[in-house]
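Thanks for opening this one with me. Here are some notes to keep beside the viewer as you find your way around.

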Amino acid sequence: MKVTLLIATFFLLALASQAQWSQSDLSAQKHYLYSTGEYVVGKEQAGKIGLNYTYNNKYTISIGYSATLKKTMTPTDDFLKSASNLAPAYSTEPFENNENLHLMLGRIIPLDKQNSIRLVLQGGPGISTFRSPEFSLLTSGDRYDYNIATKKKLSLVVNPKLEMPLLSALGCSIGPMLIVNDEQKYFGASIGIMYGIIKN
């Protein structure tokens, strides 16, 4: 539900900016507002959405959310040996995943005069949420249950990328993403779509 709400909010804001500025003289426009959706490949696959605002085609601020795909977990061999014929208590499967909510500031470096490709150097703080199952035996002794434990960490997010506006309202991006905290270091490569006001 939270992810759906974020996606809808980012998309509607980008759509509103497109409608608001569609009647203006975009040839003189230097401030852009657009949403992004990215697929991240790394040790764990992830998805990332963001809302980006650029000022004077030089500086950028980005609010984003990323999450690794949920991975099914099973009890360790030692846990399973602690009782005989252990079986899960419920049909739902335990999982683990990581989420990150971040705010990044950056500098835009145009790589050509037509602004058809630009380098965005950006980074900033984030809050990472780690979810993993904790297993426990039920009183019957032959079944186990689990509880999803959650912990949060302050993170540093670095996400430089190449942005390629294909049209005034549509483009693509590619670049690495690094999330560092005292729990883990996540590194991946992202490819995504940009939508909104992205160039004049």
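1. Among contacts between residues at least 6 apart in sequence, 62% join residues at least 24 apart; contact here means heavy atoms within 4.5 Å. Please keep in mind that this is a predicted model, where local features need pLDDT of at least 70, side-chain atom pairs count only at pLDDT 80 or more, and totals for chains, interfaces and linings use all residues. Residues are numbered from 1 along each chain as its sequence is written, and side-chain values use heavy atoms, with hydrogens and water left out.

2. What is the chain built from? It has 2 helices and 11 strands, and read from the N terminus their order is α-β-β-β-β-α-β-β-β-β-β-β-β. Helices (H or I, at least four residues) and strands (E, at least two) are DSSP runs, numbered from the N terminus.

3. Of the 200 residues in the chain, 38% are buried. Buried stands for under 20% relative accessible area, exposed for over 50%, and partly exposed for what lies in between (1.4 Å probe, protein chains only). The chain exposes about 11300 Å², with 62% of that supplied by carbon and sulfur atoms; such areas come from the Shrake-Rupley method with a 1.4 Å probe, and for residues only the protein chains shown count as cover.

4. Which residues make up the largest nonpolar core? There are 7: Val40, Ala46, Met104, Val157, Met177, Ile179 and Tyr186. A second, separate core has 5 residues, among them Tyr32, Tyr34, Ile197 and Ile198. A nonpolar core is a set of buried Ala, Val, Leu, Ile, Met, Phe, Trp, Tyr and Cys residues joined through side-chain atoms within 4.5 Å.

5. Beyond its neighbours within four places in sequence, Ile179 is in contact with Ser66, Asn100, Ser128, Ser155, Leu156, Val157, Gln184, Lys185 and Tyr186.

6. A search of the whole structure turns up 1 cavity of 30 Å³ or more, and the largest cavity holds about 110 Å³ of space. Its lining has 14 residues, of which Thr68, Asn98, Asn100, Ile179 and Gln184 are the closest to the centre. Two or more lining residues come from each of β3 (59-68), β6 (95-110), β7 (118-137) and β10 (170-180). By class the lining has 6 nonpolar, 7 polar and 1 charged residues. Here Ala, Val, Leu, Ile, Met, Phe, Trp, Tyr, Cys and Pro count as nonpolar, Asp, Glu, Lys and Arg as charged, and the others, Gly among them, as polar.

7. The largest pocket has about 180 Å³ of space. Look for Glu44, Thr68, Glu96, Asn97, Asn98, Phe130, Arg131, Ser132, Lys151, Glu183 and Gln184 along its lining, to which β6 and β7 each give two or more residues. That lining divides into 1 nonpolar, 5 polar and 5 charged residues. On a 1 Å grid over the protein atoms alone, a cavity is a set of points where a 1.4 Å probe fits but cannot get out, a pocket is an open set with protein on both sides within 12 Å along at least five of seven lines, and lining residues have an atom within 4 Å of a point. Grid points are joined across faces, edges and corners, and a volume is the space filled by probe spheres set on the points.

8. Ser173, in strand β10, is buried with a relative accessible area of 2%.

9. Now for two loops. Ile117 sits between β6 and β7 and is partly exposed at 25% relative accessibility; its C-alpha lies 5.7 Å from that of Glu163, 46 residues away along the chain. In the loop between β2 (46-55) and β3, Asn56 has a positive phi of about 60° and is partly exposed at 28%. Asn57, in the loop between β2 and β3, has a positive phi of about 55° and is buried at 16%. Most residues other than glycine have a negative phi.
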